[in-house]
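Subject: Handover of a structure

Dear colleague,

Please find the structure below, handed over for your work. A summary of the findings follows it.

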2 protein chains.
Amino acid sequence: MTYLIVNGDFVLARDALISVEDRGFRYGDGVFETIAVHAGVAYQLPWHLARLSAGLAALRIVFDTTNLTKNVQDLLAKNKVSDGILRIQVTRGIGSKGYLPDPNHPKAGATWVLETAPLPAIIHQPVSLWLGSFQKISSSALPVQYKTCQSVNSILARLDATDHDCVDALMLNDKGIICETSSGNIFWIKDGTLYTSSLACGVLMGSTRHAIMRLSPYPVIEVEAPLAALLEADAIFMCNVVWPVIPVGLFQPINKSFNSTEMATQFRELLYNDRKFYSRKSAHA
Amino acid sequence: MTYLIVNGDFVLARDALISVEDRGFRYGDGVFETIAVHAGVAYQLPWHLARLSAGLAALRIVFDTTNLTKNVQDLLAKNKVSDGILRIQVTRGIGSKGYLPDPNHPKAGATWVLETAPLPAIIHQPVSLWLGSFQKISSSALPVQYKTCQSVNSILARLDATDHDCVDALMLNDKGIICETSSGNIFWIKDGTLYTSSLACGVLMGSTRHAIMRLSPYPVIEVEAPLAALLEADAIFMCNVVWPVIPVGLFQPINKSFNSTEMATQFRELLYNDRKFYSRKSAHA
């Protein structure tokens, strides 16, 4: 049996229900985290909880994340998760029917859900990346550095990529600057230096991005770079918690090839080793 | 007792529940409509259902809206609604855990909810409008002409307005062009001509906007206009289904006053009369 935690209670999936009045359902008015679990330990959990808190603050959702560490441990134990994915979502809960939240609504208060899932099948072969027509939402419109439940932009870009037999879509901002893919952050290597889009471009402050920057044996530079920079790269890879590192072999629609496999493998191994090290360290803490 | 319809069934609010796996809850992956009900008739219902269908198509959510007309009539009768608000929401339902929808998921299929609410208290006094820092999401990133459940941009702008003792916030696009407020479309009168932002600016194709353009005794021009055009107006009003027309008396933070009440009252009366006419016509159909 796989359990979830909904507002503090263990429930089975069939009982993991929320009201249609929840502003998460009405408006996508919430924030979530996706976290890797290795050897029963949630990787970089304090970092994820700090980002969750910052995202909630940006949306002005009042929720104390202090007890989540214990909830996470309880859920991983209950579901006997060794390796897998953990998801935490917090929404503004029930409130006014309009856009303006009403903190004095009789049912006001955040809704929070913790769930676990098995690791999906991982792609290690180089994939095709699509330069589609969907622009990344501007950081002038949304706090895009956090994982808000405002995902239709990513969903549409990803569907567009799939239409063109590509695994993911590269998204640029309104100035034509490289941001990220629909589902992950992007890195590229040029002349022995590792590059990624700076947060100023309007990208997710990704947890795997964070780990890769920390673990990189190459100097890392965060840039606001035009598409041309990517096309001149020696290797390109994408990352997120689930993948965690995928080499880009072909950039479409211009049909340009890259030899990214070796570089992606190197970073994937660095990441797996760090997850192992993190788990051992936590077990002895 | 007030009922809702969830996936075709009448339920009470306490039983109007959806799974936390619903992509509406996870990602705001859906579309909704807010509709005025007068004398038991849903105003401009065919227009709303056409916009709903177009929004669903833009998000590639498969759902046949044909039977909604009957569902709406059934719910209005069941809840004995004479005057009020009707809300229809359709989400992509349960699917893959990632951004990419999986139409072959065993639980795949849209989730749809119909609900009614009383008319809230209406503001007829002139209000203050705030020029805040939140840019409108670009139509290059999202199909903003439809009411997607991607509302955090509007929610944050509205909260920002409230911080400054204003009822709503004016939102510009990434080129500094007037779009709309966080919660409604905007109109202004200058030298006997009525102006509103064109859809090309990246604004909601609002149903009240549609009605006002149809009913206006003044020539109507849709424009891509800079903020200066609004500041030179003779009168300004905002509209949505609920309000339905509110005069702007003060533009902040520059503290510029407008005499908008007479014009707003004229358009509100035109709209109320059309709702009455529409209800009578429907009753005799």
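In what follows, axes are lines fitted to C-alpha atoms, for helices over the stretch in contact, and angles run from 0 to 180 degrees between N-to-C directions. Helices (H or I, at least four residues) and strands (E, at least two) are DSSP runs, numbered from the N terminus.

The model is predicted, so that local features need pLDDT of at least 70 and side-chain atom pairs count only at pLDDT 80 or more, while totals for chains, interfaces and linings use all residues. Residues are numbered from 1 along each chain as its sequence is written, chains are lettered from A and ligands numbered from 1 in the order in which they are written, and side-chain values use heavy atoms, with hydrogens and water left out.

Overall form of chain A

Chain A contains 7 helices and 16 strands. Its radius of gyration (taken over C-alpha atoms) is 19 Å, close to the 19 Å that the globule rule (2.2 Å times the number of residues to the power 0.38) gives for 285 residues, so chain A is as compact as a globular protein of that length. The C-alpha trace of chain A spans about 55 × 45 × 30 Å along its principal axes.

The antiparallel sheet

An open sheet of 6 strands in chain A has the order S2-S1-S7-S6-S4-S5, with antiparallel pairing; two strands pair if DSSP finds at least two bridges between them. Its edge strands are S2 (9-12) and S5 (41-42) of chain A, each of which pairs on one side only. Helix H3 (residues 68-78) of chain A packs on this sheet and touches S1, S2, S4 (30-38), S5, S6 (84-93) and S7 (108-117) of chain A, where contact means heavy atoms within 4.5 Å. The direction of H3 makes about 35 degrees with that of S7(A). Strand S1 (residues 3-6) of chain A is joined to S2(A) by 4 bridges in the antiparallel sense, and A:Ile5 has A:Phe10 in S2(A) as its bridge partner.

The β-α-β unit

Strands S12 (residues 193-197) and S13 (residues 220-223) of chain A run parallel and are joined by 4 bridges. A:Ser197 stands opposite A:Val223 in S13(A). Together with helix H5 (residues 207-215) of chain A, S12(A) and S13(A) make a right-handed β-α-β unit; right-handed means that, with the strands pointing away from the viewer, the path from the first strand over the helix to the second runs clockwise.

Packing of H5 and H7

In chain A, the axes of H5(A) and helix H7 (residues 261-283) come within 10 Å and cross at roughly 100 degrees. H5(A) and H7(A) are therefore roughly perpendicular to each other (under 35 degrees counts as roughly parallel, over 145 as roughly antiparallel, 65 to 115 as roughly perpendicular and the rest as oblique). H5(A) contributes A:Thr208, A:Ala211, A:Ile212, A:Arg214 and A:Leu215 to the contact, and H7(A) contributes A:Phe267, A:Leu270, A:Leu271 and A:Asp274. These residues divide into 6 nonpolar, 1 polar and 2 charged (Ala, Val, Leu, Ile, Met, Phe, Trp, Tyr, Cys and Pro count as nonpolar, Asp, Glu, Lys and Arg as charged, and the others, Gly among them, as polar).

Backbone details

A cis peptide bond, with omega about 10 degrees, joins A:Gln252 and A:Pro253. A:Pro253 lies in the loop between strands S15 (245-252) and S16 (256-257) of chain A. In chain B, B:Gln252 and B:Pro253 are joined by a cis peptide bond, with omega about 10 degrees. A:Asp165 is not a glycine, yet has a positive phi of about 60 degrees; A:Asp165 is found in the loop between helix H4 (152-163) and strand S9 (168-172) of chain A.

Yours sincerely
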